[in-house]
Amino acid sequence: MGPTPMSLTATYKLSARLFWRDKGMLPASVITPLGLAIGMPALMRNVQADGVTAAAQMFVGTLALILSGTAFLNITVALTMRRDQLLLKRLRTTRLTDRQILLGEVANTVTQTVILMIVSAVAVHLLADVPLPRNPVLFAVFAVAGSAVMAMLGVAWTAAIPRGELAAPMTLPFFFLAGLASGAMGSIIDLLPSWLHPFFAALPTSAVVDAVRASYGPGTLSSDLAAAAVPALVLAVWAGVALLSIRRWFRWESRKS
């Protein structure tokens, strides 16, 4: 039997309440990604000759920072800390199933991430003249799908983290890797060996950036569907990896408990 709406609402609200009360995580999971996604395109708008084009390219790349910083980093740190505090263990003694608990966490994380992506898109439109997506549906679909996949990968990654205080440091490399692969950190990727480029292109954040870039550029419905095919496949593969990893290795309590 699947999760009921009431149980999902309860876990969703609990996750959201804990998220906004965690003042220590808000700078890393909200303020920093949002600041970079708005500030860097605004800077490019004013320092580049082709300011609007450069700002638009930079903005699409910085969405990878929101995905990795808000979806991946936040849920990884949150679940690891709640695991160490035995909160996850206590939740399992309620009527909530394991699936309901994790679905509530993932749904809340997806909501926060998509909101930040939309806010940043509107902000760069107002501050840096970056146009709004030509195909908002394509933007929205991959914003939600990418956030969900990154959140599930974050849940899976908690299994590799021995204790809560190591959660943030052990997720930061993925933040920088996502930014590097998407171009959010400039053209550094062009200086790296060419054999690494397929690896960068296969990242889930890169898949979202590619699809969102198509939603901003010129095109038709058929060209948008063609541009979305490979990114959708990449996200599907990563979703499968995440689900298998969660089922096999996710821990509800710390090893020392």
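User: In this predicted model, which residues does Ser 254 touch, not counting residues up to four places away in sequence?

Analyst: Ser 254 lies in the segment after α10. Contact here means heavy atoms within 4.5 Å. Not counting residues up to four places away in sequence, the residues that Ser 254 touches are Arg 83 and Asp 84.

User: Is Ser 254 buried or exposed?

Analyst: A residue counts as buried when its relative accessible area is under 20%. The relative accessible area of Ser 254 is 7%, so this residue is buried.

User: How far apart are the end C-alpha atoms of helix α7, and what span should its residues give?

Analyst: Helix α7 covers residues 167-182, which is 16 residues.

User: Which elements cover the buried residues of α7?

Analyst: The buried residues of α7 include Ala 167, Thr 171, Phe 175 and Ala 178. An α-helix has 3.6 residues a turn, so residues three or four places apart point the same way. Gly 179, Leu 180, Ala 181 and Ser 182 are also among the buried residues of α7. What covers the buried residues includes α2, α3, α6, α8 and α9.

User: Which residue follows α7, and what is its phi?

Analyst: The residue after α7 is Gly 183. Its phi is positive, near 90°.

User: How are α9 and α10 oriented to one another?

Analyst: The axes of α9 and α10 come within 9 Å and cross at roughly 165°. Angles over 145 degrees count as roughly antiparallel. Therefore α9 is, relative to α10, roughly antiparallel.

User: What classes of residue make up the contact of α9 with α10?

Analyst: Residues of α9 in this contact include Pro 204, Val 208 and Asp 210, and those of α10 include Asp 224, Leu 235 and Trp 238. The crossing of the two helices is left-handed. By class, the contact has 10 nonpolar, no polar and two charged residues.

User: What is the handedness of the crossing of α3 and α5?

Analyst: The axes of α3 and α5 come within 10 Å and cross at roughly 155°. That angle makes α3 roughly antiparallel to α5. The crossing of α3 and α5 is right-handed.

User: How many nonpolar, polar and charged residues does the contact of α3 with α5 have?

Analyst: Among the residues of α3 in the contact are Phe 59, Asn 74 and Arg 82, while α5 contributes residues including Glu 105, Gln 112 and Met 117. The residues divide into 16 nonpolar, six polar and two charged.

Technical notes: Residues are numbered from 1 along each chain as its sequence is written. This is a predicted model: local features need pLDDT of at least 70, side-chain atom pairs count only at pLDDT 80 or more; totals for chains, interfaces and linings use all residues. Side-chain values use heavy atoms; hydrogens and water are left out. Helices (H or I, at least four residues) and strands (E, at least two) are DSSP runs, numbered from the N terminus. The expected span of a helix is 1.5 Å times one less than its number of residues. Buried means under 20% relative accessible area, exposed over 50%, partly exposed in between (1.4 Å probe, protein chains only). Axes are lines fitted to C-alpha atoms, for helices over the stretch in contact, and angles run from 0 to 180 degrees between N-to-C directions. Angles under 35 degrees count as roughly parallel, over 145 as roughly antiparallel, 65 to 115 as roughly perpendicular and the rest as oblique. A crossing is left-handed if the near helix is turned anticlockwise from the far one by less than a right angle, and right-handed if clockwise. Ala, Val, Leu, Ile, Met, Phe, Trp, Tyr, Cys and Pro count as nonpolar, Asp, Glu, Lys and Arg as charged, and the others, Gly among them, as polar.
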